Amino acid sequence: MKLNKIKLALGLVAGFAASAPMVASAAADQEKAISDPNNWAHPRGNHTNNGHSALTQINKGNVKNLKAAWTFATGVNRGHEGSPLVIGSTMYVHTAFPNNVYALDLNNDQKIVWSYFPKQDPSVQAVLCCDNVNRGLAFGDGKIILQQNDGVMVALDAKTGKEVWTAQITDPKVGATNTSAPHVIKDKVLQGCSGAEFGVRCFFQALNLKDGSTAWKAYSTGPDAEVLIGKDFNKDTPLYSALSVYEDVNGGNKQGGSFKKIPTDQLKGGETDLGVKTWLKPQAVKDGWQHGGGSVWGWWPYDPKTNLVFYGTGNPSVWNPDVRPGDNKWSMTVFARDLDTGMARWGMQMTPHDEWDYDGINEVILFDKGGKTYAWHHDRNGFAYTWQADNGVLVAAEKVHPFVNWATDVDLKSGVPNKVAEHATHQDYNTKGTCPAALGTKDQQPAAYSPKTGLVYSPMNHVCMTYEPVESKYVAGQPWVGATLTMFAGPDGVMGGFAAYDPMTNKKVWYNKEKFSAWGGALTTDSDLVFYGTLDRWLKALDAKSGKELWKFQVGSGVIGNAFTYGHKGKQYVGVLSGIGGWAGVAMNLGLTNDTDALGAAGGYKELTKYNAAPGGGALTVFSL
């Protein structure tokens, strides 16, 4: 009886019904935990990746009364991304490098139950592309899974913190690192790699949750046998597998736009081994695909009805496009893979032959509409995409803001963007006024979807750039970027925003400006609230229907973590990690001041020093009524 009263007070009855049932798996404890909205047992709340909670105690009428309930200083500086996990009365908190983990007892004034301090070689920090971040933890089968920056994955006993198993995922000596939160689904742990700025050939990997052994590994580039592509790949969307989608692919990327889109009716689909064939000569090193990048470090949803897991791949290496003519598949691609086998069901490249570092790693969010499941993705290239999740048919692709100018539109049948000639880049030519900047209209900060409003909510960057590809030689373990750039505010005169979209059309519903990028991940609730954080230290709550600001609180450092919520002993809490960093804040953290330092972040975000101490100090702040 008492429990039922608590559920009613928190609005949890509807929440239980809204949680989709999962099939039996080794991680049954995780599935049970996810089904209870009191918990935050998944990096994005649940397997749809929607960042949504069914809790309603904090609502539009009382959110103005939200007060700080408790804080926890992590003792670590630099960028703090992701969010803690909450399972029952225990909260698991992670930090930036060296990736410490704390288990806090919510029944006992957040007393530390256990802590874990990884022993990592400090030299790993030199090969982390964009600050010393870590995006969080996974839970399942009684284990807390930590992916360390040095490529070591560790399974810890959730009750004691003792090591259960370890696995080496990447090799930092060649520039391969890890920054993403591992994801536990059924009996698998999923993980990718970072290192496209070091010429690493990256991959997406499934490990067996029981012992950390490898179940399958799918590379982002290379022959079909190593990308795990079979004969049924893209069977409903064959044009996604065209050999080339632009003209003159062997002529280099000349000013004036030689990369004109081939008319859709002239494309030939269904080609094989495109992870090799679309990396044409000349190449800087070997055959380009062997150092082709395609990092995997986002947030990955899972659809139990089709057994598909979804993820995006990052930019091709090197940033200078002249040395890698061709579409450079399968970088910049959203894939749907069978969880058990790893075989790709479908994959669409958003930015063929990328010229601007428009990484495709941003999260995919699943939602249901009219009895079908759809996959939504806000790409760094400034377009929002919606696919039918089971077969990859593209149903909508629109600019998230009119300032996006490198392409005019996207062909819905082939997925190919129409590039604008004046923004084409080539070696030793400085392309000016290209929008968005390389960090995209959205970077790692995940959007959220509310099944109550039917809208997606996206934290945004509003930044443009100059971009000049330059010659760069590959050396294993050394940065291999091959471009210099500067960044500046877009035409709205600000560097950030926060917007709501209809995911079936990707038309904007409302848009709020932000002085800086809204670099923190979004949270929505059944009470029609949406929370997110900013680089100038604010955590904000908005009316999800109108975008009206209802509450804000300034925490100790810029927010690049994801807002999350949980319930404990009848009270709802909202929390967020602060600690500025990531690409936007790394220059400030390292004291870099030249405009082109940190790939343009130093000049673009120079005003952050007026709002933040450097380096940013990590802390968790938790709020309640």
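**Exercise 1.** Is the link of Cys435 and Cys464 right-handed or left-handed?

*Solution.* Keep in mind that this is a predicted model.
- Step 1: Look for the bond. The sulfur atoms of Cys435 and Cys464 lie 2.1 Å apart, and the two residues form a disulfide.
- Step 2: Read the angle. About the S-S bond there are 105 degrees, and the link is right-handed.
- Step 3: Check the surroundings. Cys435 and Cys464 are both buried.

**Exercise 2.** Now find the other disulfides and describe them.

*Solution.* 
- Step 1: The structure holds 3 disulfides.
- Step 2: One of them joins Cys129 to Cys130, with 2.2 Å from S to S. Cys129 has 38% relative accessibility, so Cys129 counts as partly exposed.
- Step 3: Another is formed by Cys193 and Cys202, with sulfur atoms 2.2 Å apart. Its torsion about the S-S bond is about -135 degrees, so this disulfide is left-handed.
- Step 4: Buried means under 20% relative accessible area. Cys193, at 1%, is therefore buried, and Cys202, at 0%, is buried too.
- Step 5: Counting bonded cysteines along the chain gives the pattern 1-2, 3-4, 5-6.

**Exercise 3.** Where is Asp357 found, and is Asp357 buried or exposed?

*Solution.* 
- Step 1: An unreviewed UniProt entry places the feature "active site" at Asp357.
- Step 2: Asp357 belongs to the loop between β19 (344-349) and β20 (364-369).
- Step 3: Its relative accessible area is 2%, so Asp357 is buried.
- Step 4: Beyond its neighbours within four places in sequence, Asp357 is in contact with residues including Glu197, Asn315, Arg380 and Tyr467.

Terms used
Residues are numbered from 1 along each chain as its sequence is written. This is a predicted model: local features need pLDDT of at least 70, side-chain atom pairs count only at pLDDT 80 or more; totals for chains, interfaces and linings use all residues. Side-chain values use heavy atoms; hydrogens and water are left out. UniProt positions are given in the numbering used here, feature names are shortened, and annotations may be inferred rather than shown by experiment. Helices (H or I, at least four residues) and strands (E, at least two) are DSSP runs, numbered from the N terminus. Buried means under 20% relative accessible area, exposed over 50%, partly exposed in between (1.4 Å probe, protein chains only). Contact means heavy atoms within 4.5 Å. A disulfide is a pair of cysteine sulfur atoms within 2.5 Å.
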